[in-house]
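Have a look at it first, then go through the points.

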Amino acid sequence: MTTATPATRLSVLDRSRTRQGQDASQALRDTVAFAQLAERLGYHRFWVSEHHGVPGVAGSAPTVLAAAVAARTSRIRVGTGGVMLPNHRPMVVAEQFGVLSSLFPGRIDMGLGRSVGFTDGVRRALGRGKDAADAFAGQLAELLGYFDGSQGVHPDVHARPAEGLRVPAFVLATGAGADIAADAGLPLVIGALRGEDEMLAAVDRYRTRFRPSAQGAEPYVVLSGNVAVAGTAAEARKLLVSEAWSSAYARTHGEFPPLTPEPEVLAREMSPRERAAYEQALHGHVAGTPQEAAVALGTLMARAGADEFLVTTHAYDRAALLDSYRLLAEAMGLAPSPIAR
């Protein structure tokens, strides 16, 4: 295992999760307010996601939402976690980030993923097939080329105002995506969706395969995952309940729903298939008191030699969720910022 020095740099990925009984506009406003809190708490980045046709997620246009977040914050880096490149033309993505970086210089990150639409209907609406992800490496090279002027897919075409700007790019990866990040010389963002051991193996492979580039001279690893913190371990684990049920429902019914209050989930009579998916969704996360969470997170980052951790926790109880992020920031020694807008 690599011996890179771990860091305590923490960041946030918010998917603008809708909650039962609340509309999408409230979820989006909550995202902006959450970013302001994350900035005050000392988090390094605040990223938003891309999902299409999903009832439980309001964030369908990440560059638009990133602009709103950046306009209401002052210091924290803002970006996408990520723009799903197979859904878009690289030139359009370059132009969007060129505009963002021109409006908010030095604060914009370009997190890029290779996923396609969640359902066949969404993929048809986007004009993409299941195999669209196979072209990700080529699309990534074209996109980066619009910034440095090297792209040759469309000779004499220039993306304005992107050309000449330096917008840090990150690859969101599972499996083969780690190899793409390494070959492109880009930072890697990876979670333990397929288990911690497989994640760590992918990180090691990334470090071994990494090729220095204009974006980075050496590997940079961002781990991502849920971290739930509360006064007791039981309260922390309870924070994971609503998101676990949404994930279980998506796996068993094919639709990712809004977050349900934790008591309703705990009282629900689940089918054997639902129960199995729900129990599986509760595993593999960091959860506990501030001290327990800090120790567990520090151990994980040390094992991976990670440079940063992207916290992705969501819960129906928004007050408890925000308190979890506050407790984690304090436990990990983040430096609070007085800047607020």
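1. The largest cavity holds about 100 Å³ of space. A cavity here is a set of points on a 1 Å grid over the protein atoms alone where a 1.4 Å probe fits but cannot get out; its volume is the space filled by probe spheres set on the points, joined across faces, edges and corners. By this rule, the count comes to one cavity of 30 Å³ or more.

2. Before going on, note that this is a predicted model, where local features need pLDDT of at least 70, side-chain atom pairs count only at pLDDT 80 or more, and totals for chains, interfaces and linings use all residues. Residues are numbered from 1 along each chain as its sequence is written, and side-chain values use heavy atoms, leaving out hydrogens and water.

3. Which residues line the largest cavity? Among them are Asp14, Arg17, Asp30, Phe34, His314 and Leu322; lining residues have an atom within 4 Å of a point. By class, the lining has four nonpolar residues (Ala, Val, Leu, Ile, Met, Phe, Trp, Tyr, Cys, Pro), five charged (Asp, Glu, Lys, Arg) and three polar (the others, Gly among them).

4. Helix H1 (24-41) and helix H13 (318-331) each supply at least two residues of that lining, and H1 gives the most, with four. Helices are DSSP runs (H or I, at least four residues), numbered from the N terminus.

Technical notes. On a 1 Å grid over the protein atoms alone, a cavity is a set of points where a 1.4 Å probe fits but cannot get out, and a pocket is an open set with protein on both sides within 12 Å along at least five of seven lines; lining residues have an atom within 4 Å of a point.
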